Amino acid sequence: MDSSNVIEARKKHNDNLARGNDKTRATWFPLTLMALLLVLPALQFLGNYNYLLHMVLFTASYAVMASGWNILGGFAGYISLGHNVFFAIGGYFAGMILARYGVSTIILAPVAGLVAGIAGYLIGMITLRVRGPSFIISSLALVMIARILFDNWEFIGGANGVALPANELTVQWAKLPYYYAFVIMAAFAVWVSYRIKHSKFGLGLRAISKDEIKAESAGINTRFYKVLAFAISAFLVGMAGAVWGEYLTYIRPNIFLIILVSVNMVLMCILGGKGTVAGPVVGAIFIVVFNEIFVATLGASEINILATGLIMAVALIFFPLGIVGTLAKHHRLPKILNWD
Amino acid sequence: MTDLLQVTGITAGYGDGPSILDGATLTIEPGKVHCIIGPNGAGKSTLLKAICGMLKIREGEVIFKGERLNGLRPDQILRKGICFVPQENALFPKMTVRENLRMGGYILDDKDELERRIDEIMERFPILRERANQHAGNMSGGQQQTLAMARTMIIKPDIVMLDEPSLGLAPKIVQEMFDIMRIMTAEGITILLVEQNALTGLKNADWGVVLDLGRTLFEGPAVDVLSDPRIQELYLGGNKAA
Amino acid sequence: MSNFIQVLILGLALGGVLALMGSGLSLVFGVMRIVNLAHPALIIAGAYVAYWAFKLWGVDPIVSLPFAAIILSIVGILLYKLVFEREAKSAKYSEMSVLLTFSVAMCVEGALGSAFTNTQRVTSPGYATDAIFIGDIFIPTGQLYAGLISLGLIALLALVLKFSRFGYAIRATTQNREAAELLGVNVNLVSLASFAIGIALAGAAGTLVSFVFSFFPAKHWEWIAILMSLVVLGGMGSILGTVIAAFLLSVIAAFVGAWIGSTWSTMTFFLALFVILLVRPQGLFGEKPELT
C-alpha cells in the first residue's frame, strides 16, 4: 500500500460511482404529431368526426393542465391536489368577461392565464412556506375554500353558474376554434416544460425536489423558484380553464371545482411520468382513453371512482416513475417518447 | 485470544445503489476499544450498520461468538449482545431521561430488574440523576451523548458500537466521552467506534482500523497505526508528531 | 347567555367527535409519517357498518361501536399489508405515500358507492333526535353521547400510550424510528399495530358520526380538509395537539355557525389552516420547521 496508489485508487472508485447520460432524442416525432393534429380537422370534409375532434380537444386540454401541474409537482416535487382552483379562476375570469362583454375566451386565454398565475403567485407565497404533507393538505383546503366561495358568490352565479353564448359556427365547424386553441396550448405547454427543464431554473427546481435544504444551502433562492413554478403552473392551468368554459357554454362550480379534475391532473402525471416532458401528455392520452372505456362499459358511476383509485394505486406501487420514467430508468424508452 | 467478532469480506450498500463497502474486514477482541478511521464515504458508518443488521449484507460474513449474524434483524442482533448507537440522533427527545433509560432496557422482561439497573446507572452518572425527569431533547450535546452511552449499559451488552461519538462536541467534552468508554470496558463491554477525528480516536483506542474505498487497508494496535508514516500522510494530515 | 352556553356545549361535543376522528390520523402519522387521506373515507365505512347494523338488526350504533372498530382494524391490517408495508419500510417517506392514501380513499369511496349508492344516510336511534334540558339549555343527546364517548376513547388511548410497554414502543418509534429499532423495538410490527389501531379509531368514530351527521360516500372529501386543518393546527404527529385543535376549532366553528350562518362554519377550519400556515407552520405542538 503506497500513498500515490491509494490516491489513484480513490479517484477511480469515485469515477465508478458517477453515472453516464442518455442523449437520445427524436425531435421529429412531436413535430410530426403536431402537424398531424393541425390537419386532422380536415376530416370534417369527409364526414362527421366531431366525436374524434372532441376527444383530441379534451386530451389536449388535459395535456395543458397536466403539463402545468407537472412543473410544480414533477419538477419541484410539490404535490398539489387542488390545482383545479386555477382552472376555475381562469374559467370564470374569461367566462364572465365573455358573458358580459362578448370577448372570446380564446383571445382572453393568455390574460386569464395571467390572472390565474398571479393568484398562484400570491397563494404560493403562503402555502409554499411548508413542505411535503402540509403543502398537500393546504392545496386540498384551498379547493374546499374555493368551492364554498364560488357556490355562494351571487355575482358569478353562485352554485347555478352562468350560461355562456355559443359561437356562431355551424355544427361542422363549431369545435374548430377550441380544437386549435387547445392543441396550440398543449404544444406551448410542452415547449414551456422543455425550456424550463433545460434551464438553470429547472435545475434549481430539480434540486429542490431532491433535497430542499441542501438546495438552499447551495445558494438557490428556493422560495423564489418554488413560487415562480407555482405561478407558471397556475398560468397554464388557468389558460386551459378559460377556453374550457366557453367550450362547454357554461361556467359552474361543479364543473371546475370537482375533485375529479384535480385527481386527473395528478394521475396523468403519475401514470405518464412526473418530472418528464412527455409524461403528462402520455398520461393524458391514457387516462382519457381509460375513462372513455370505463364509462362505456361500466357507466359513469361510483365504480368509475373505484377504478380510478385502483389505477392510481397500481401506478404508484408498481411504477411510480410513470410510463416514461420507468422506461427511461431501464433504458428502454423509445426515442419517440424521449422529449426531455 | 479468541476473537469476539469476526467480520470478513463485507460488501454492502444502500438500497440498490452501488456497493459502498467492498470487502471490508475487521476483528474485535474482548475488552478493548477499537477505532475505525478513514475519509468520508469510505464506508465506516456503513460497516457498523451492516454489522448490527440495519443494512443488508450483500457478500461476506459477520461471525459473533461463533455464530453467523448475516440476515438477522437489528432487534435480534441486539438480543445477542451487540448494541449500536447512531450518529448524533440516538435519543427520544420528548421522553425524559428516565424514560430514555427505560427504553434502553426495552428487551428486558423483568421490570423490577430494569428499574434496579436504571438506578445503578444513575448512581454511576450523577448528571443523569439530576436530570432524570427532564426531556432528553433539552440537554446539552455532551449530556445527550452521555445518556446515549450510559443507556447501552442497561442491557449489559458484549459489544457497543458508536458512530462518531465526538461529533459536535467540544474537545474537553470529547475526552469525557472517551473516559466513559473506559468505564464501559471496565464493566466488560467491548467498544467499536467510528471516528472522523482520527488523531483523537486513535490516541484513545487500543486497536486501530483504517477503512478506505470500502476496504480495510490496515489493522493493528492503535499506537502502531498512529506512528505509521503512510497513515500519517494519508489520514492524519501529513507528518505530525504522533 | 344560555344561548352562548348552548353553542359552547354543542361545539365541545362535536369537538370531541372530531378529536376522535383526528387522533387516529395523528397516531398513524406519528408512527409511519404518512398522512392518511383515506382516514375519513374509512370513518364513513365505519358509519355504514353502524347504519346497516341498525337498519337490518336494530343494533344501537353505540353497541356496534366495538364491532365496527374490530372490522375496520382488520381492514386496516389488510391495507397495511397490501399497500403500505413497502412504503413504511423504505427509508424515506415521500409525498408518493400520501398520494397512495389518496388513491385508497378513492377506492373506498368507489367501493362504498357501488355497494350502497350515493343516497344520504343517517342512523336514527331514539337519542339521535332527543334532547335534555338543563335549565334553559337544550343539549341534543345524540351529540352529547357522541362527545362523551369520544372523550372516553381518547383518554383510553392516552393511558395506553403513556403507561403500557406497547405505548412506549409507539412513542419511541414516533420520536426516533432508528433508535427505537436499535433498542429492540420491532418497528414494522409497531407500524402495523398503530395503523390498525388508527383505523379502528376511525371505525369507532364512524359509528358516532352515523347518528350525528348524515353521510354518503363522497362526504369524505369534506372531512379530509377539516381533519387536516386539525392536524396542521395541532402540529403534525402530536395527538395532544390534534385533540386541542379539534376542541378549539369546533367551538369557534359553532359560534361562527350560530352568528354568521352554517355555510360558513366549515370555512372556519379551512381558514384556520391557512392562517396557521402563515403564522406558525408547525402548529401548536409540531416539530419545527417541517418534515420533508
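Which helices of chain A do the buried residues of helix 13 pack against? I will come to that after a word on the model. This is a predicted model, where local features need pLDDT of at least 70, side-chain atom pairs count only at pLDDT 80 or more, and totals for chains, interfaces and linings use all residues. Residues are numbered from 1 along each chain as its sequence is written, and chains are lettered from A and ligands numbered from 1 in the order in which they are written.

Some terms. Helices (H or I, at least four residues) and strands (E, at least two) are DSSP runs, numbered from the N terminus. A residue is buried if 20 or more other C-beta atoms lie within 10 Å of its own, exposed if 12 or fewer, and partly exposed in between, with C-beta atoms placed from the backbone.

Back to the opening question. The buried residues of helix 13 of chain A pack against helix 3 (50–75), helix 7 (176–197), helix 12 (259–272) and helix 15 (322–329) of chain A. Contact here means that C-beta atoms, placed from the backbone, lie within 7 Å. The buried residues in helix 13 are A:G279, A:P280, A:V281, A:V282, A:G283, A:A284, A:I287 and A:V288. Helix 13 covers residues 279–298, which is 20 residues, and reaches 27 Å from its first C-alpha to its last, close to the 28 Å expected at 1.5 Å a residue. The expected span is 1.5 Å times one less than the number of residues.

Helix 7 of chain A also holds A:V192. This residue is partly exposed because 19 other C-beta atoms lie within 10 Å. The C-alpha atoms of A:V192 and A:G68 are separated by 9.1 Å, although the two residues are 124 apart along the chain.

One loop residue in chain A is worth a look. A:T249 lies between helix 10 (222–248) and strand 2 (250–251) of chain A. A:T249 has a positive phi of about 55° although it is not a glycine. A:T249 counts as partly exposed because it has 13 C-beta neighbours inside 10 Å.

Now chain B. How many strands are in its open sheet, and in what order? There are 6 strands in the order 6-7-8-3-9-10, with mixed pairing. Two strands pair if DSSP finds at least two bridges between them. The edge strands are strand 6 (82–85) and strand 10 (215–221) of chain B, and each pairs on one side only. Neighbouring strands are turned by 15° against each other on average, direction ignored. Axes are lines fitted to C-alpha atoms, for helices over the stretch in contact, and angles run from 0 to 180 degrees between N-to-C directions.

Strand 3 of chain B has 5 of its 5 residues buried. B:V33, B:C35 and B:I37 point one way, and B:H34 and B:I36 the other way. In a regular strand the side chains alternate between the two faces of the sheet. Strand 3 runs parallel to strand 8 of chain B, joined by 4 bridges, and B:H34 has B:L192 as its bridge partner there. Strand 3 also runs parallel to strand 9 of chain B, again with 4 bridges, and B:I36 stands opposite B:V209. Strand 7 (residues 159–163) and strand 8 (residues 190–194) of chain B pair in the parallel sense over 5 bridges; B:L162 is partnered with B:L193. Helix 1 (residues 44–52) of chain B lies across strands 3, 6, 7, 8 and 9 of chain B, running at about 145° to strand 7.

Chain C has 11 helices and 2 strands. Buried residues make up 59% of its 292 residues. In chain C, C:R33 lies in the loop between helix 1 (2–32) and helix 2 (39–57). Phi of C:R33 is near 55°, a positive value in a residue other than glycine. C:R33 counts as buried because it has 22 C-beta neighbours inside 10 Å.

Last, where chains A and C touch. The contact takes 35 residues from chain A and 38 residues from chain C. Helix 6 (132–152) of chain A gives the most to the chain A side, with 12 residues.

Notes. Two residues are in contact if their C-beta atoms, placed from the backbone, lie within 7 Å.
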